[in-house]
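Good morning, colleagues. Please look at the structure on the screen, and I shall then describe some of its features.

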Amino acid sequence: MNSLTIWIIAQKGYQDALKNVLFLTLLLFLFSLVGISLMVSAFNFQAQVDQYNRAITQLQSMGQSGVILDKPQYFPLQMLRGTIEYLEIIGAIIGIILGYISIAKEKGNNTMQLILSRPISKLSLIGGKILGNTLLLFSILGLIGLFIVFAISGIGHVAFSQAELFKLFLGLLFSYLYLMVFFCLSTLLSLFFKSLPNALIVGFIIWLLIVLIIPQIGDTMDPDNQVPGGLFNSLHMDTHQQQQVMTNFKTYETWRNILEESSVEKHYERLTFATLGIKSIYNGKDLRSIFQDQWGNFLWLIGFYIGSIASAFYFSNNRKFLSKSN
Amino acid sequence: MFEQILIVAANEIRVLMREKTFLLLLSVFLAMTLFSVLIGWSTKTTVLGIYNASLILLKQSGVTHLPSNPFIMIPALALFRNMIIYVFLIGALTSVVIGHSSFIRERKSRVVQLLFTKPISKTCFIAGKIVGILAALLLIIFAVFFISLLSSFFIPGQLLTQQEIIRLSLFYLLSLIYMLIFAMIGLLFAIVLPTESLALLAPIIIWVAVTFIFPELTTGQNPVALLNPTNITQTAPQGAFFTLMHSVLTPFSIEQHYTGLAQPLLETQKQFTSLSIAEIIAQNSGLGISLFVYLILAIALSLYTFYHYAVTRDKMYE
């Protein structure tokens with residue numbers, strides 16, 4: 001592999017993506033969604049504060065103290081739940097589109113054969129594509145990070161602490177790992193399928209299964225999700241009692257867990273929600289204690305990432321893959 | 001004229017059945033229909049087991065006031081509640097692909113340019129396409145309905161009553177209308193947009209907006225929370241912003257109209273079990289009418305764009 005060749009291919013891939021209408025449309029869509037999700041979170045929080053103030057006023061008018069009520073607490077990183085969920089859904093589509101356009105352009109213009117007739121190895125070609133899109137995804141996620149910091153600290157007048165900024169950085173880094181899994185998947189599909197649109201449709205089907213269907217089945221099978229507010233809450237049971245009851249249903253829980261763990265989305269979500277403190281039990285905790293709990297999901301995410309990059313290199317080195325054209 | 005329409009429609013079905021991507025999507029949809037009953041049944045059985053085990057534990061720990069069973073008298077149709085989600089996820093995507101491929105195929109192969117040199121009118125051609133799409137979706141819905149009936153008999157081992165079969169049929173009729181709207185959106189963009197991938201992506205963006213963004217803006221719930229059947233009940237918005245969004249966006253939120261009607265039909269909650277079919281239709285007629293209006297609008301837009309589609313100036317590239 002020649003590093004200069006890889007760099008040139010990476011630069012070309014970066015520039016090509018920025019000229020692609022499909023990608024730019026999706027990018028605009030993602031930024032709008034990030035904005036919408038932040039706005040919805042802000043209004044949701046405002047509604048909670050209003051409700052709290054109304055309850056206090058009502059209690060005071062009845063001559064009672066409002067001390068018994070917990071004041072809603074504002075945690076900037078908890079505002080990012082919608083943003084992360086949109087990265088799970090639309091971010092993954094962006095990964096698929098990037099993988100698709102990085103191969104579709106070469107296949108559609110029949111430049112793939114021309115490039116490979118030059119002294120450029122297949123590994124350099126795919127390495128350049130991966131590097132270019134890594135830089136592109138870092139740029140996108142960096143912009144999203146800046147947008148979040150500006151929107152929350154600039155408009156909401158809430159300053160981020162250093163620890164929170166670092167957690168945000170980690171959240172975006174995990175997002176990169178997650179998006180690259182879809183990029184590699186789509187690259188492989190585009191290389192494998194003779195018809196490029198079929199590759200895109202199959203990519204969407206896999207996306208639907210991994211991002212929406214499998215986690216949905218896992219959530220639906222969760223006994224605590226069967227009753228609004230939680231089954232165990234409705235039965236007034238504490239954590240110890242819950243664990244005691246659930247020991248009799250280990251097989252069911254194991255199957256449910258296997259199903260959820262087969263989806264990279266679930267690992268990404270669990271890890272990011274814990275790191276950003278979106279899941280309340282991790283809110284305000286230091287990174288060491290969060291990672292003590294979440295190292296499994298971290299390893300899974302890294303595993304999916306390395307596996308997908310390795311597959312992209314391995315299969316693209318296969319002559320049959322690169323010679324198929326539209 | 002009718003003969004020509006039927007020829008185009010029959011050809012549409014024939015070609016569709018040879019498309020591997022469509023067959024893959026169809027397989028996923030049919031498999032998930034089967035799984036939805038299996039998942040519903042196993043979850044219900046397990047949760048009832050958990051409830052009984054919890055009662056024993058609570059009694060042992062001296063609790064005298066035992067909570068009532070939250071799952072008592074669960075209607076048989078509630079087992080199908082996941083189907084609402086699978087229709088607006090897999091069903092809608094399948095429909096988009098059907099609508100998209102029905103016209104993009106002709107553009108890509110330049111058949112559409114050749115076709116109009118023959119004695120076939122634009123009206124016959126587009127009507128044949130729409131009839132073909134409708135027939136394909138009808139076949140899918142029949143297959144899904146059949147699987148639902150069989151699985152409800154074999155998995156929980158219970159026969160649905162006549163009333164329940166009528167409710168299930170109405171649910172699938174509603175799903176057909178919903179899916180047809182997305183098929184027409186797929187067709188519309190396949191006519192209008194210059195590239196195949198953009199024509200596929202545009203309806204998917206609309207689908208994402210309808211499925212995730214509108215419900216989030218009108219209810220304040222997080223996007224993925226709406227995929228949990230216990231969460232998709234329309235929650236009353238709180239605060240001025242959500243009230244405004246609710247009044248502005250709800251008329252356009254097709255997914256909410258669909259779930260608003262589908263939930264009482266499938267008796268997903270106890271309060272729906274006391275309602276008769278006539279009462280459900282009477283209470284939710286507005287939602288049904290609006291879905292129908294959206295369908296007519298999507299068909300009209302597809303027809304309009306097709307009549308203005310300049311066959312000789314199509315510069316489709318990919």
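Helices are DSSP runs of H or I with at least four residues, strands are runs of E with at least two, and both are numbered from the N terminus. Read along the sequence, chain B then gives the pattern α-α-α-α-α-α-α-α-α-α-α-α, that is, 12 helices and 0 strands. This is a predicted model, in which local features need pLDDT of at least 70 and side-chain atom pairs count only at pLDDT 80 or more, while totals for chains, interfaces and linings use all residues. Residues are numbered from 1 along each chain as its sequence is written, and chains are lettered from A and ligands numbered from 1 in the order in which they are written.

The C-alpha trace of chain B spans about 85 × 50 × 40 Å along its principal axes.

I turn now to a helix pair in chain A. Helix 3 (residues 81–108) of chain A and helix 7 (residues 196–221) of chain A have axes that come within 10 Å and cross at roughly 160°. The axes are lines fitted to C-alpha atoms, for helices over the stretch in contact, with angles from 0 to 180 degrees between N-to-C directions. Helix 3 of chain A is therefore roughly antiparallel to helix 7 of chain A (angles under 35 degrees count as roughly parallel, over 145 as roughly antiparallel, 65 to 115 as roughly perpendicular and the rest as oblique).

Which residues of helix 7 of chain A make the contact? Among them are A:Leu196, A:Gly203 and A:Trp207, and helix 3 of chain A contributes residues including A:Glu88, A:Ile96 and A:Tyr100. Contact requires C-beta atoms, placed from the backbone, within 7 Å.

Definitions and conventions. Two residues are in contact if their C-beta atoms, placed from the backbone, lie within 7 Å.
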